[in-house]
Amino acid sequence: MKVTPWEVSGEIDYNKLIKEFGTEPINDKLLARIKKHTGELHPFLRRKIFFSHRDLNWILNEYEKGNKFFLYTGRSPSGQVHIGHLVPWMFTKWLQDKFNVDLWFQFPDEEKFLFKEDLTFEKVEKTLYDNMLDVIALGFNPKKTKFLIDTKDAGLMYKPACEVAKKITFSTVKAAFGFDNSFNIGQIFYTAMQTVPAILPSILAGKNIPCLIPHAIDQDPHFRISRDVLQKLGYYKPASIHSVFLPPLSGPGGKMSSSDASTAIYTTDDAKTVKNKVMKYAYSGGQPTVEEHRKKGGNPDIDVSYQWLTFFEENDKMLKSYYDDYKSGKLLTGELKQLLVDKLNKFLEKHQANREKAKDKVKEFYL
Ligand code: TYM
């Protein structure tokens with residue numbers, strides 16, 4: 001398996017990643033502690049979709065002392081948003097509401113420009129606006145949410161980025177991201193820009209404020225570096241909470257990627273496209289024939305439709321009945337796929353309506 005911010009491949013063993021990255025698993029004790037403040041647990045927590053963290057206990061210690069944290073997450077615009085990207089953002093929105101905290105949302109519009117050979121700034125600019133609509137559509141509170149756009153807000157970000165960059169050697173970046181001498185110097189510098197939002201609110205407020213970063217586990221190598229450097233610069237180490245990846249339709253392993261239209265569902269896909277993609281491409285844990293399936297049952301643990309339902313079906317009882325019925329052979333692959341299609345299309349219908357409304361709101365989120 002390979003998991004870096006720019007490449008995820010192979011069968012992902014999340015327990016192994018916890019060990020390799022040196023993060024901590026989210027255990028029942030921590031879940032109970034979160035629940036004390038939130039009253040309920042988000043399905044992503046109940047189902048261990050958010051499975052790992054750094055320093056979440058410290059964030060809660062500070063919160064309990066009245067020292068509120070801010071949230072920080074982001075999106076690097078390069079193409080269409082797919083439903084996997086929404087996973088950390090939906091959870092971030094829940095955290096914002098439950099803890100009543102500010103969110104800084106970074107759009108590093110130079111990142112993919114630096115990492116993708118044929119990507120121009122013109123293309124990035126277009127997708128930036130489009131991607132913002134997806135974020136706003138999730139319902140973030142504009143009074144408590146600020147968008148940080150690297151090329152637009154460079155004046156504010158560049159100095160702290162240089163402070164950070166000065167403390168990171170080329171060999172650290174090579175080891176963290178697997179870079180070699182052929183990488184361009186923009187790529188080498190970039191991690192400094194992704195560190196800045198973790199301290200910008202502290203710089204602007206003139207005092208240290210705890211920071212919690214929700215993201216999928218691929219971004220952790222950046223924040224491993226941030227934590228080391230920021231401490232040296234006299235700031236708090238940012239805490240983080242990590243999700244697994246929504247697998248590609250062709251699953252069961254890996255991460256959904258924007259560049260493969262057949263294995264990703266985009267937020268703008270219409271109902272017919274969603275149905276076609278799921279019916280045609282969703283990796284099945286079912287048996288080759290109906291007779292065999294009825295007799296032996298399917299395997300929900302590798303079936304992508306079931307995996308996706310664990311992200312999108314909020315009702316635990318329904319989810320369990322799908323699991324049991326698929327395993328016993330009562331529910332056929334085509335039926336399970338249809339359940340997923342209905343769920344996704346309901347979700348996307350609402351999201352797409354909110355996306356339209358978001359067009360009037362973009363400016364409210366600018367710094
Ligand atoms: P980006 O734009 O590639 O992805 C945005 C967010 O989506 C997560 N993600 C996924 N989550 C679940 N399932 C998937 N299949 C999946 N694919 C992507 C990513 O982990 C990310 O949280 N460099 C970042 C942008 C960024 C950022 C941040 C992200 C800047 N600052 C702070 C998180 C936190 C990027 O390229 O993400």
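Visitor: What radius of gyration does the chain have, against that of a compact globule with 367 residues?
Guide: This is a predicted model, in which local features need pLDDT of at least 70 and side-chain atom pairs count only at pLDDT 80 or more, while totals for chains, interfaces and linings use all residues. Residues are numbered from 1 along each chain as its sequence is written, and side-chain values use heavy atoms, with hydrogens and water left out. The radius of gyration is taken over C-alpha atoms, and the globule rule is 2.2 Å times the number of residues to the power 0.38. For 367 residues a compact globule would come near 21 Å, which agrees with the chain's own 21 Å.

Visitor: How many helices and strands does the chain have?
Guide: Helices (H or I, at least four residues) and strands (E, at least two) are DSSP runs, numbered from the N terminus. Counted in this way, the chain has 17 helices and nine strands.

Visitor: What percentage of the residues in the chain is buried?
Guide: Buried means under 20% relative accessible area, exposed means over 50%, and partly exposed lies in between, with a 1.4 Å probe and protein chains only. Of the 367 residues in the chain, the buried ones make up 53%.

Visitor: Among contacts between residues at least 6 apart in sequence, what percentage joins residues at least 24 apart?
Guide: A contact means heavy atoms within 4.5 Å. Among the contacts in the chain between residues at least 6 apart in sequence, the share that joins residues at least 24 apart is 77%.

Visitor: Is Thr-333 buried or exposed?
Guide: Thr-333 lies in helix 17, which covers residues 333–358. Not counting residues up to four places away in sequence, Thr-333 touches Ser-284, Gly-286, His-293 and Tyr-326. Because its relative accessible area is 16%, Thr-333 is buried.

Visitor: How many residues apart are Arg-47 and Asp-316, which form a salt bridge?
Guide: The closest N and O atoms of Arg-47 and Asp-316 are 2.6 Å apart. Arg-47 counts as buried because its relative accessibility is 19%, whereas Asp-316, at 37%, counts as partly exposed. In this salt bridge between Arg-47 and Asp-316, Arg-47 sits in the loop between helix 3 (43–46) and strand 4 (50–54) and Asp-316 sits in helix 16 (residues 316–328), so that the pair links distant parts of the chain, 269 residues apart.

Visitor: Why are Asp-228 and Lys-232 separated by about one helical turn?
Guide: The side chains of Asp-228 and Lys-232 meet in a salt bridge, at 3.4 Å from N to O. Asp-228 is partly exposed, with a relative accessible area of 42%, whereas Lys-232 counts as exposed, at 51%. The separation is about one helical turn because both lie in helix 12 (residues 220–232), where Asp-228 and Lys-232 are four residues apart.

Notes:
Salt bridge = Lys/Arg side-chain N within 4 Å of Asp/Glu carboxyl O.
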